Amino acid sequence: MPSFFKGSRVLLHTVLIAASLAMVVPFVWQIITSLKTLSSATAVPPTFLPEGHWANYGRVFDLLPFGTQFLNTVVMALARTLGQVLFCSMAAYAFARLRFPFKRVLFGIILSVLMVPPQLFIIPQYQIMSDLGWLNSLQALIVPGLFSAFGVFLLRQFFLSLPVELEEAARIDGAGPLRVYWSIVLPLARPGLVALAVLTLLWSWNDLFWPLVVNSDPDTMTLSAGLASLQGQFQTDYPVLMAGSLLASLPVIVVFVFLQRQFIQGIAQTGIKG
C-alpha cells in the first residue's frame, strides 16, 4: 500500500511538472524572442539564447501610442471589473436568497446564455453601439462587459455556501434585503468577489475580438487590439511584437501574484451547495 501511494505521488508530481513546463516555456520563449533581431527570431534552426536587443522595447512606443492604449485598457478593465462585481453580486444574491415569481425560470434563462457562443452577440452589440453613436469610444468597450451570466452563476453558488444565521439575525433587527446584502453578505463573500474580479480583469485585459470590431481609431484601441495591428500581411516583426506583448502582460501578472491566495480560496468555496 505505501509503495502504491508513493508511485501515485511520483506520477502526480510528474504530471504537474510537465503541465507547469507547458505553461512556462511559451512565456520564456516570448522573453527570449523579444531580445532578438528579426533575422535571429525567424532563423531555421531557431536559436535559444537572447541577444540583448533591448531596442525592441523602445520600438513598441515608436510604432504604437502605447501610453494611450495602456490607459484605455486600464480604464476598460477596471470599469468592467467593478461593474461585474456590483451587478453580478446583486443578481446572484437575489437568486440565492430572495423569493420572487419565476425565480428558477429566470435563472435558467441566464444560464442558457453560457451555452451560446459569444461571437453570436457581436452583430447586435455592434448595431446597438452604432445606433448610440458610441463607436470609437470607451463606452463601447465598457458597457457590454458590465454584466455576465458566468459572474451571476459563480457568485450565486458562493452565496449558497454562506451560513444564513447572520442574515436571519440582521432581519430580526430590522435590516432590509439591501442592507443585509451590503453589510452582511458582501463582507462574507470577499473571496468569491475577488475570484470574479480577477477573472473579469484577466478576461477584459486580454479581450481582442470586441475591441478590434468596435474601435478602429488607434487612440481608442486597447493594447490587445494595438498589438494585433503590428502583424503585417506579408511580414511581422516578431521581436517587437513579443516585446509589446510582454509589456502588456506584466500588470495582470502582478495583480494575480498579489491576489492569488484569495482567488484560489474563492474558487475552492464556490459550488459547495447546489
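**View 1. Tyr181 and Trp182 in the predicted model.** Y181 has 4% relative accessibility and therefore counts as buried (under 20% relative accessible area, with exposed over 50% and partly exposed in between; 1.4 Å probe, protein chains only). W182, in contrast, is exposed at a relative accessible area of 55%. The two residues form a tilted aromatic pair, 6.4 Å centre to centre with 55° between the planes. Rings of Phe, Tyr and Trp (its six-membered ring) pair if their centres lie within 6.5 Å; planes under 30 degrees apart are stacked, over 60 edge-to-face, and the rest tilted. Ring pairs also join Y93 and F159 with Y181 and W182 in a cluster.

**View 2. Helix α8.** Ten of its twelve residues are buried, so α8 is largely enclosed by the rest of the structure. Among them are V152, L155 and F159.

**View 3. Charges over rings.** The charged end of R156 sits over the ring of F107, 4.3 Å from its centre, and that of R80 over the ring of W203, at 4.8 Å. The criterion is NZ of Lys or CZ of Arg within 6 Å of the ring centre and within 35 degrees of the ring normal.

Residues are numbered from 1 along each chain as its sequence is written, and side-chain values use heavy atoms, without hydrogens and water. In this predicted model, local features need pLDDT of at least 70 and side-chain atom pairs count only at pLDDT 80 or more, while totals for chains, interfaces and linings use all residues.

Methods:
Helices (H or I, at least four residues) and strands (E, at least two) are DSSP runs, numbered from the N terminus.
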